[in-house]
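I am keeping these notes while looking through a structure that is new to me. Each entry records one thing that I looked up.

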Amino acid sequence: MDKKEKGLLSVLAVILIVIIAAVIAVSIAVAACKTSVSNSEIATEQSVNEPSQQESQTSQTQGNTQEVTNQSSVNQTKITVDDAKNTALKDAGFNDASTVVFTSEKLDYDNGRQVYEIDFHDAKTEYEYDIDSSTGEIVSRSQEPLDFD
């Protein structure tokens, strides 16, 4: 074997080593991705199959005990945020939303009960409402003069 053939053989050996290293690196990356996907699937499955602490707690509502069990928030919500806003507006004596500014509208839990928290104000008064997301019932309401400080 002459020098030219030995040099060519050395280059081929280096190329082969680089290819093997690349295959190993890709295999490790694929394994890491599969582990990541598997862990997220497990977490998703647990969150779907296990009720959250809020969903499984017992709440007292006007002297009646109500057990909230393994229901997703999607199943508990029967009214929309717009329905809740309209209920609050009507209760506050407004015919429409053109004279008020909504400052907060979110879905939350209040004593184990899923409610829409609706906050708004007009030129003089600030209003806060909690509306039951299942029934549309007003759970709580308050109003106070708008603080300009």
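I began with valine 11, which lies in helix 1 (residues 3-49); helices here are DSSP runs of H or I with at least four residues, strands are runs of E with at least two, and both are numbered from the N terminus. At 46% relative accessibility, valine 11 counts as partly exposed, because buried means under 20% relative accessible area, exposed over 50%, and partly exposed in between (1.4 Å probe, protein chains only).

Before going further I noted that this is a predicted model, in which local features need pLDDT of at least 70 and side-chain atom pairs count only at pLDDT 80 or more, while totals for chains, interfaces and linings use all residues. Residues are numbered from 1 along each chain as its sequence is written, and side-chain values use heavy atoms, with hydrogens and water left out.

I then looked up the surface around valine 11, and found Val11 in a nonpolar surface patch of about 800 Å², together with Met1, Leu8, Leu9, Leu12, Ile15, Ile19 and Val23. Such patches are made of residues with over 30% relative accessible area and no salt bridge, nonpolar side chains (Val, Leu, Ile, Met, Phe, Trp, Tyr) being joined within 5 Å and like charges within 9 Å. The areas come from the Shrake-Rupley method with a 1.4 Å probe, and for residues only the protein chains shown count as cover.

Of its 13 residues, Phe94, Ile118, Phe120, Tyr129 and Ile131 touch the most other members. Helix 4 (81-92), strand 4 (113-121) and strand 5 (125-132) are the elements that give two or more residues to this core, and helix 4 provides the largest share, four residues. Leaving out residues up to four places away in sequence, I listed the contacts of isoleucine 118, among them Val81, Ala84, Phe102, Tyr129 and Ile131, where contact means heavy atoms within 4.5 Å.

Which side chain meets arginine 113 in a salt bridge? I found that of aspartate 132, at 2.5 Å from N to O; the rule asks for a side-chain nitrogen of Lys or Arg within 4 Å of a carboxyl oxygen of Asp or Glu. Arginine 113 lies in strand 4 and aspartate 132 in strand 5, so the pair ties together parts that are 19 residues apart in sequence. Both arginine 113 and aspartate 132 are buried, the latter at 6% relative accessibility. The side chain of aspartate 132 also reaches the backbone nitrogen of serine 134 at 2.7 Å.

By the same rule, I recorded a count of six salt bridges. One of them joins the side chains of aspartate 82 and lysine 85 (4.0 Å, N to O), which both lie in helix 4, three residues apart, about one turn of the helix. Aspartate 82 is partly exposed at 46%, whereas lysine 85 is buried at 14%. Asp82 and Lys85 are linked with Glu105 in a network of salt bridges.

My last entry concerns glutamine 143, which is found in strand 6 (residues 138-145) and is exposed, with a relative accessible area of 55%. Its C-alpha atom is separated by 6.6 Å from that of threonine 125, 18 residues apart along the chain.

Technical notes: A nonpolar core is a set of buried Ala, Val, Leu, Ile, Met, Phe, Trp, Tyr and Cys residues joined through side-chain atoms within 4.5 Å. A polar contact is a pair of N or O atoms within 3.5 Å; within protein, one must be able to donate a hydrogen and the other to accept it, and residues adjacent in sequence count only if both atoms are side-chain atoms.
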